[in-house]
Amino acid sequence: MLTSKGRVVVIGAGFGGIAAALRMRARGYDVTLLDRLAKIGGRAQVFKRGGFKHDAGPTVITAPFLFDELFSLFGEKREDYVEFRSLDPWYRFYFHTGEQFDYRPSVEDTNAEIRRFSADDVAGYARLLRTSKAIFEIGFEKLADKPFSKFTAMLAQIPSLLKLQSYLSVAGIVNRYIKHPLLRQAFSIHPLLVGGNPFSTTSIYALIHYLERRWGVFFAMGGTGHLVAELDALLRRSGVNIILKTDIASIDIKNDQAVGVTTTDGTYFPADRVICNGDPPTVYKQMMPAAHATRKRLMPESLTQYSMGLYVLFFGTKKTYDDIAHHTIWMGPRYKELLADIFNRKILADDFSLYLHRPTATDKSFAPDGCDSFYVLCPVPNLRADIDWTETGPLLQQRIIDALSDTILPNLNEVIVDPFYMTPEDFKKDYRSMHGAGFSIAPIFLQSAWFRFHNRDPHISNLYFAAAGAHPGAGIPGVLCSAKVVENLIIEDEEKLAITAA
Ligand SMILES: Cc1cc2nc3c(=O)[nH]c(=O)nc-3n(C[C@H](O)[C@H](O)[C@H](O)COP(=O)(O)OP(=O)(O)OC[C@H]3O[C@@H](n4cnc5c(N)ncnc54)[C@H](O)[C@@H]3O)c2cc1C
């Protein structure tokens with residue numbers, strides 16, 4: 001039995017909250033993990049309807065060692081509980097021209113695909129991968145799990161960040177090396193997976209190219225929901241106290257220290273340390289005394305840029321579409337201008353680009369025999385736009401079904417089963433996401449590293465953030481690293497306490 005070092009309350013059981021809870025428990029704290037939803041997992045909820053299963057959020061697993069670490073904290077092995085299966089292709093792009101491009105696990109196979117579009121871009125892709133590796137060596141290996149609480153930490157990294165040209169965008173870097181217009185799209189979409197416009201996301205995120213090559217792209221068999229269920233079991237085995245359907249109304253502060261949290265029904269949980277996994281802008285605006293809300297970052301709310309919203313359409317089909325890969329990116333006719341509509345002009349255009357998830361390509365447990373399960377993700381403006389989702393939701397559903405019926409899912413209109421969707425309003429309501437953003441604040445340079453929400457509040461030294469809106473950022477690897485940063489900060493605090501006590 002571990003001797004308690006004190007009480008830690010974690011608000012929010014997304015991957016960042018789960019990882020922080022496990023890390024704190026392994027360090028010997030009494031940990032209570034609270035979430036307002038009925039199940040842990042945050043955005044990784046699961047919907048089950050009429051024999052069909054749908055992961056609601058993340059589906060792509062990269063950097064699997066970050067999950068392995070969580071099991072090994074307690075002497076266990078992740079592979080004894082969840083299989084991460086490698087996919088091929090990683091992603092299939094379907095362009096409006098009717099052409100397809102498979103982005104594949106081997107560089108040789110990817111080169112063969114590139115050659116079908118533009119032989120010259122094979123050498124360009126090699127250069128892009130080299131650049132991505134250089135960025136990865138700094139951006140992931142040196143910075144992702146280190147705190148950026150002090151400006152001096154940022155200053156120390158300025159030479160490397162300048163050398164890596166972090167002030168450029170991901171599209172800026174990709175377009176340097178890749179010339180074919182469709183390949184430029186395929187190789188620059190990664191920021192959208194973490195909520196950013198490729199034309200404004202700091203090029204640090206170009207490291208994802210190398211990160212995928214280094215460890216691969218996987219699917220958790222049984223679904224991301226199964227991975228969450230196994231993490232739930234690990235939390236319980238390790239002695240974390242999980243309390244669900246509990247919404248935290250406030251973090252209670254006394255003398256610049258967090259002393260506990262209070263739920264919307266008035267229940268109080270005392271704490272020696274509080275870790276927030278909920279969206280940092282929401283935490284500061286709605287859960288902290290007003291005096292603290294304006295003290296957290298340099299960037300005022302009016303200048304803060306949020307990630308895009310997501311419209312996610314879920315459905316089954318009464319037949320299987322065997323030619324559809326596990327992950328398909330369906331690109332519409334416009335790219336840069338469509339992104340400007342979503343991120344800058346904040347209008348819902350008539351056209352769109354889509355990500356299709358067909359888990360039944362890998363795992364038949366998602367649908368009855370002879371059927372497929374799908375979700376389709378459509379990036380849309382967040383709630384800062386003037387869109388009435390009650391009216392727009394059903395219309396967008398039909399437009400997406402028609403577009404897919406006309407292209408890669410013929411007759412979808414006739415074989416579709418039980419479609420339903422989430423809009424940015426649901427992200428706001430279910431996850432308390434500010435402006436219904438899919439991925440918290442956007443990953444632009446002026447909202448990264450020290451400029452992002454800090455992992456420890458600058459004024460309340462026992463209040464921490466392991467969340468997509470905090471350093472290093474969104475995406476599963478990002479939030480799992482965020483929990484590592486919090487652990488490092490708490491180790492630092494423990495050492496300070498030990499010195500004071502000595
Ligand atoms: C549709 C979709 C697809 C994605 N696909 C991928 C992918 O394939 N791969 C990938 O790596 N990433 C993907 N992402 C991004 C990734 O899912 C997220 O960045 C990550 O899961 C966020 O984790 P988090 O730890 O920040 O917590 P979240 O998942 O945001 O969870 C936070 C939790 O805190 C709870 N909470 C908030 N406030 C309170 C409160 N006051 N009281 C109690 N509880 C509270 C919320 O209800 C929620 O359960 C995707 C995201 C979405 C939405």
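**Notebook: loops, ligand shell and domains**

I began with Pro89, which sits in the loop between β5 (84-86) and β6 (91-94). The model I am reading is a predicted one. I looked up the peptide bond from Asp88 to Pro89 and found it cis, with omega near 0°.

I then went to Pro472, in the loop between β19 (463-465) and α16. I noted that the bond joining His471 and Pro472 is a cis peptide bond, its omega being about 0°.

Next I checked backbone angles at Asp418. This residue belongs to strand β18, residues 416-422. I recorded a phi near 50° for Asp418, which is a positive value in a residue other than glycine.

**Ligand**

I turned to the ligand and listed what surrounds it. The shell holds 37 residues, and I wrote down Gly16, Asp35, Arg43, Val60 and Asn277 as those that come nearest. Sorted by class, I have 21 nonpolar, 10 polar and 6 charged residues in the shell.

I looked for backbone atoms facing polar atoms of the ligand. At Phe15, a backbone N or O atom is 3.4 Å from a ligand oxygen atom. At Ile248, a backbone N or O atom lies 2.9 Å from a nitrogen atom of the ligand. At Ala468, a polar backbone atom is 3.0 Å from an oxygen atom of the ligand. I also looked up the cover: the ligand taken alone exposes 1,000 Å², and the protein buries 95% of that.

**Domains**

I then took up the pair formed by domain 1 and domain 2. For contacts, I have 18 residues of domain 1 against 19 residues of domain 2.

I wanted a size for this interface, which is often given as the accessible area lost when the parts come together. Between domain 1 and domain 2 I noted a buried area of about 1,700 Å², with carbon and sulfur atoms giving 69%. Which residues of domain 1 lose the most area to domain 2? I have Pro443, Phe445 and Trp450, which together make up 37% of what the domain 1 side buries.

Terms used. Residues numbered from 1 in each chain as written. Predicted model: local features only at pLDDT ≥ 70, side-chain atom pairs only at ≥ 80, totals over all residues. Heavy atoms only, no water. Near = heavy atom within 4 Å. Polar contact = N/O pair within 3.5 Å; in protein donor to acceptor, adjacent residues only side chain to side chain. Areas by Shrake-Rupley, 256 points an atom, 1.4 Å probe, with all protein chains shown as cover. Nonpolar A, V, L, I, M, F, W, Y, C, P; charged D, E, K, R; others polar. Contact = heavy atoms within 4.5 Å. Buried area = accessible area lost by both parts, 1.4 Å probe. Helix = DSSP H or I, 4+ residues; strand = E, 2+ residues; numbered from the N terminus.
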